[in-house]
Amino acid sequence: MSHEIVPKPASLVRLPHRRHGRAADSDIPAMAHITQLDHRRDVGLMPWAMQLYAVSSEDPDRLVQTLTGAILGCGGWVLSRGASDSGAVNLLFEFERRICVDIYSVLIAAGLDLSQSGHVRFTELCQCTALNLKNSGREVASVDIEIQTLPPETAAEEHYEYA
């Protein structure tokens, strides 16, 4: 007697931190327009919302300036940025998928050492976009990256430990 495994049909999963109802109204016309745009983006359940981790030996303030300029220069949008006293840099940005290779390149050129999963996710994004550029090139990808900055001598020691 053979048992056949039948997969369950896929269903849409609602994330609790996402808004799923009507966009909030605002008494300021410009803000009402922005919340409607946010609502349309949320309804699409952005499949390329990535949370990445990286390490860098750059000065945190300089790194924030470099990455902000590079992302904006490629055509992306920096939504939030900052550096803490402990040396952690947080950056939230978005970009059209058609420029994903440029964005990936500037992250590496800025001296970021992405985690292995970060490299894998960006590679998947670039490959999927290249294979379906006509339909996905204008879609928006979102990256929330946390970068731990290290003093140059510590970064060199960390690099040799991984080798």
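## Confidence and fold

In this predicted model, the chain has an average pLDDT of 76, and 64% of the residues score at least 70. Over residues 10–44 the pLDDT is below 50, and this stretch has 21 contacts in the model beyond near neighbours in sequence. Among the elements, the lowest mean pLDDT, 44, belongs to helix 1 (residues 29–43), and the highest, 95, to helix 3 (residues 100–109).

The chain has an open sheet of 5 strands with mixed pairing, in the order 2-3-5-1-4. Strand 2 and strand 4 (113–114) are the edge strands, each pairing on one side only. Strands of a sheet pair through backbone hydrogen bonds, in either the parallel or the antiparallel sense.

| Strand pair | Sense | Bridges |
|---|---|---|
| Strand 1 and strand 4 | antiparallel | 2 bridges |
| Strand 1 and strand 5 | parallel | 8 bridges |
| Strand 3 and strand 5 | antiparallel | 9 bridges |

Individual residues place these pairings in the sequence. Ala54 stands opposite Leu114 in strand 4. Ala49 has Ser142 of strand 5 as its bridge partner, while Leu92 stands opposite Asp144, also in strand 5.

### Helices against the sheet

Which strands does helix 3 touch as it packs on the sheet? Helix 3 touches strand 3 and strand 4, and its direction makes about 160 degrees with that of strand 3. Helix 4 (residues 116–131) lies across strand 1, strand 3, strand 4 and strand 5, and runs at about 135 degrees to strand 1.

### Helix 2

Helix 2 (residues 60–74) has 15 residues and spans 21 Å from its first C-alpha to its last, close to the 21 Å expected at 1.5 Å a residue. Its buried residues are Pro60, Leu63, Val64, Leu67, Thr68 and Ile71. Why do the buried residues line one face of helix 2? Seen down the axis of helix 2, they fall within an arc of 125 degrees, so they line one face. Asp61, Arg62, Gln65 and Gly73 are exposed on the other side of helix 2.

The cover over the buried residues of helix 2 includes strand 1 (49–56), strand 2 (77–83), strand 3 (88–96), helix 3 and strand 5 (140–149). Just after helix 2, Gly75 adopts a positive phi of about 110 degrees.

Definitions and conventions:
Residues are numbered from 1 along each chain as its sequence is written. This is a predicted model: local features need pLDDT of at least 70, side-chain atom pairs count only at pLDDT 80 or more; totals for chains, interfaces and linings use all residues. Side-chain values use heavy atoms; hydrogens and water are left out. pLDDT is the predictor's confidence in each residue, from 0 to 100. Helices (H or I, at least four residues) and strands (E, at least two) are DSSP runs, numbered from the N terminus. Contact means heavy atoms within 4.5 Å. The expected span of a helix is 1.5 Å times one less than its number of residues. Buried means under 20% relative accessible area, exposed over 50%, partly exposed in between (1.4 Å probe, protein chains only). The arc is that of the directions from the helix axis to the C-beta atoms. Two strands pair if DSSP finds at least two bridges between them. Axes are lines fitted to C-alpha atoms, for helices over the stretch in contact, and angles run from 0 to 180 degrees between N-to-C directions.
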